[in-house]
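Hi,

Here is the structure I said I would pass on. Have a look at it first, and then read my notes below.

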Amino acid sequence: MSKTVAQLLVRERTMLTPHHALITLFSDTMPVCSAGQFLNVLVPDSPRTFLRRPISIHDYAPDGTLRLLVHDVGDGTHRLCRLQPDDTLDCLLPLGRPFSMPATPGDVLLVGGGVGVAPLLFLGKELARSGCAVTFILGGKTEADILRREAFEQVGRVGLTTEDGSAGTRGFVTHHPAMCQPYDRIYTCGPKPMMQAVAKVAHQTGTPCEASLENMMACGLGACLCCVEKTTSGNRCACTDGPVFDTKELLW
Amino acid sequence: MPDLHVNIGALRLKNPVLTASGTFGYGTEFAPFLDLEALGGFIVKGTTLHPREGNDYPRMAETPSGMLNCVGLQNKGVEHFCSEIYPTLSNLDTAVIVNVSGSTVEDYAACAARIAELEHVPAIELNISCPNVQAGGMAFGVTARGAASVVAAVRKVYPKTLIVKLSPNVTDITEIARAAEAEGADSLSLINTLLGMAIDIESRKPVLSIATGGLSGPAVRPVALRMVWQTAKAVKVPIIGLGGICSAEDAIAFIMAGATAIQIGTANFIDPRTAAHVVQGINEWMQSHGVNSLDEIRGCI
């Protein structure tokens, strides 16, 4: 699907926590998107926000709806968390290299932390549809940081970890028992130290692993070269060569 | 229909709208969003004799009405451009201009000489103003003597249209402009980015990996406009104005300040269609104001 600038209609905005919004967007001509891709969103009415904000696709349906999970961490995302139904959002999409699908269905593990769980719902649905057995491990500091648990439970098995033990296993995602089981493939998105720990486990067991990075971006189109990540083939753009990378290519 | 064409030395552009080096990739990245042939031309990213990895991440910081970058001329070198990129651009009916950079006078000249062999590249933009590299770059562009040495060396080996891109990080930009003109520059483009800085007060460290970076976007536009106005009065060669131009109105102001052509830079990141919108907007403004040629308004201030 060719990249385009689209005006997407805000259908619904729900606050999942005081700092996390679930935004449902709609268009009659929604481009075809793949799991792991993102939108670069122009933030309306936010004079202090100059650049677009890259937001991964949380959920996607062929009927023209697309969902974003937004964490309010600054002026731009704060404004996005205040969008109202019937607002329009100027978006560049679909951007980035998606997650790769296994050639044959198998057991897959999807590990997310914080708002990094966002792209894993869309991915989990695609994997489940292709016949994979999907296990999620969702991590957060406390129970309140575990986002969209029910939605994930409709797609696959869900394990939880929290740093304070308020839900699931106490500790980090890598402490969850499900982490020790064999998988055909592992996918991860979240804070970099978490993804690095997941990648380490994957490498130790020889399991293919993909991680979705969230490097700061300007253009989202591979032009400005601001979002680079060091890889085995030099600096590569998270926006066009990623955001999804095979963790073996990353110099972690 | 108004006549939008302009001449930069021997180079005829169908309209005055170019895109700035480092903000438009190799053009092809923007082909899904606009008709590249609707532009006067585009300037591909900074190219050096040898491949460069650029600076470490983080390379970017958002600022009020702009951004800082310290990319540091990441590119795969001139041979990669000639063999892999040029063939994809050589059939376009628009001016494809290569931005040439280097660490030494010899590197600039060797890179320019290689680009001179490319039939469908009618001009180069000599980057003596990159603030993000240790050697070369801006070091040449902040003294009249440094600028003169690079321009003279490149002029000897580059027979086509030679544009020299100037740094605003100087006391008197007209002094550098006159030095470049005296050594045979056909045109001057200005401004490159303004040296700036951002600090993360929680980590108590600079945001950018090399501490400083180049500021671009609407934040720098008034500075750029002033420098274009001053420089246009100081030299005879055509000026290409850039710095925070986002709209046709911005572009027309630069032309009134004395610019022959303009470049769209950081605005490409906000809306990849901007350059095409600016072409259309200039056309509409000329029609609604009864202006038939840009000569009628150029340098009217």
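Start with A:Asp59 and A:Lys125, which form a salt bridge in this predicted model. Their closest N and O atoms are 3.0 Å apart. If you count salt bridges between domain 1 of chain A and domain 2 of chain A, you get one. There are also four residue pairs in polar contact across that interface, with both residues at pLDDT 80 or more.

Which strands supply the domain 1 side? β1 (4–17), β2 (20–26), β4 (53–61) and β5 (65–71) of chain A each give two or more residues to the side that touches domain 2. β4(A) gives the most, with five residues. Sorted by class, that side of domain 1 has seven nonpolar, six polar and two charged residues.

Now zoom out a bit. Chain A is divided into domain 1 (4–95) and domain 2 (107–212). The contact between them takes 15 residues from domain 1 of chain A and 13 residues from domain 2 of chain A. As for spacing, the C-alpha centres of the two domains lie 23 Å apart.

How much area do the two domains bury between them? It comes to about 1300 Å², with 69% of it on carbon and sulfur atoms. On the domain 1 side, A:Ala35, A:His58 and A:Leu69 lose the most area to domain 2, together 40% of what that side buries.

Cheers

Note on methods
Residues are numbered from 1 along each chain as its sequence is written. Chains are lettered from A and ligands numbered from 1 in the order in which they are written. This is a predicted model: local features need pLDDT of at least 70, side-chain atom pairs count only at pLDDT 80 or more; totals for chains, interfaces and linings use all residues. Side-chain values use heavy atoms; hydrogens and water are left out. Domain bounds come from an automatic or database domain assignment. Contact means heavy atoms within 4.5 Å. Buried area is the accessible area (1.4 Å probe) that two parts lose on being put together, summed over both. A salt bridge is a side-chain nitrogen of Lys or Arg within 4 Å of a carboxyl oxygen of Asp or Glu. A polar contact is a pair of N or O atoms within 3.5 Å; within protein, one must be able to donate a hydrogen and the other to accept it, and residues adjacent in sequence count only if both atoms are side-chain atoms. Helices (H or I, at least four residues) and strands (E, at least two) are DSSP runs, numbered from the N terminus. Ala, Val, Leu, Ile, Met, Phe, Trp, Tyr, Cys and Pro count as nonpolar, Asp, Glu, Lys and Arg as charged, and the others, Gly among them, as polar.
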